[in-house]
Amino acid sequence: MSERNVLGGPLERCGTDPMTGFLRDGSCTADPQDPGSHTICAVVTEEFLRFQREIGNDLSTPRPRWGFPGLVPGDRWCVTTANWLRAHRSGAAAFVVLACTHEEALDLVPLAVLREHAVDVPADPGDLLA
């Protein structure tokens, strides 16, 4: 059975530049070996990245050893449900691409909350940051 998104449709690919997903396949798939549940497809902002650094989850610094390029505002990235929810509660949530967010995210985050941050990503994600 194919994986589903939070809207009930097929899970769409989140991003390939940089290549995201726990399995680095571009999708926010649910995987039993993923203890963090990287199931929310976020379009990161500077505020979100700053908050993540503050809680000890530095997503900006490249980590070549793990094939992690470091993120910049506008990147699409599969983030953990718990850390996204922490950011939301602190007023620093990233945008969410619902069609690319795995239905498992609903175990922690209500759909109504995800919808508050839902975005259709334009060809130039930088337009979101203006």
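Visitor: Ground rules before we start?

Guide: This is a predicted model, where local features need pLDDT of at least 70, side-chain atom pairs count only at pLDDT 80 or more, and totals for chains, interfaces and linings use all residues. Residues are numbered from 1 along each chain as its sequence is written, and side-chain values use heavy atoms, with hydrogens and water left out.

Visitor: OK. How many salt bridges are there?

Guide: Three. The rule asks for a side-chain nitrogen of Lys or Arg within 4 Å of a carboxyl oxygen of Asp or Glu.

Visitor: Which residues are linked in a network?

Guide: Glu 46, Arg 50 and Arg 53. Glu 46 pairs with Arg 50 at 3.9 Å, N to O. Glu 46 also pairs with Arg 53, at 3.4 Å.

Visitor: How are Glu 46 and Arg 50 separated in helix H1?

Guide: By about one helical turn, because they sit four residues apart in H1, residues 46–54. Helices here are DSSP runs of H or I with at least four residues, strands are E runs of at least two, and both are numbered from the N terminus.

Visitor: Switching to packing. At what angle do H1 and H2 pack?

Guide: About 110 degrees, with the axes 10 Å apart; H2 covers residues 81–89. That makes H1 roughly perpendicular to H2, a label for angles of 65 to 115 degrees. Axes are lines fitted to C-alpha atoms over the stretch in contact, and angles run from 0 to 180 degrees between N-to-C directions.

Visitor: Which residues meet there?

Guide: From H1, Phe 48, Phe 51 and Gln 52; from H2, Asn 83, Trp 84, Arg 86 and Ala 87. By class, the H1 contact with H2 has four nonpolar, two polar and one charged residues. Nonpolar covers Ala, Val, Leu, Ile, Met, Phe, Trp, Tyr, Cys and Pro; charged covers Asp, Glu, Lys and Arg; the others, Gly among them, are polar. Contact means heavy atoms within 4.5 Å.

Visitor: New topic. Where is Arg 13?

Guide: In the segment before strand E1, residues 40–43. Arg 13 is exposed, at 52% relative accessible area.

Visitor: What does Arg 13 touch?

Guide: Asp 25, Gly 26, Ser 27, Arg 76 and Cys 100, leaving out residues up to four places away in sequence. As for Gly 70, 57 residues apart from Arg 13 along the chain, the C-alpha atoms of the two are separated by 19 Å.

Visitor: Is Ser 27 buried or exposed?

Guide: Buried, at 12%. Ser 27 is found in the segment before E1. Beyond its neighbours within four places in sequence, Ser 27 has contacts including Glu 12, Arg 13, Cys 14 and Cys 78.

How values were computed
Buried < 20%, exposed > 50% of the residue type's maximum accessible area, 1.4 Å probe, protein only. Parallel < 35°, antiparallel > 145°, perpendicular 65-115°, else oblique.
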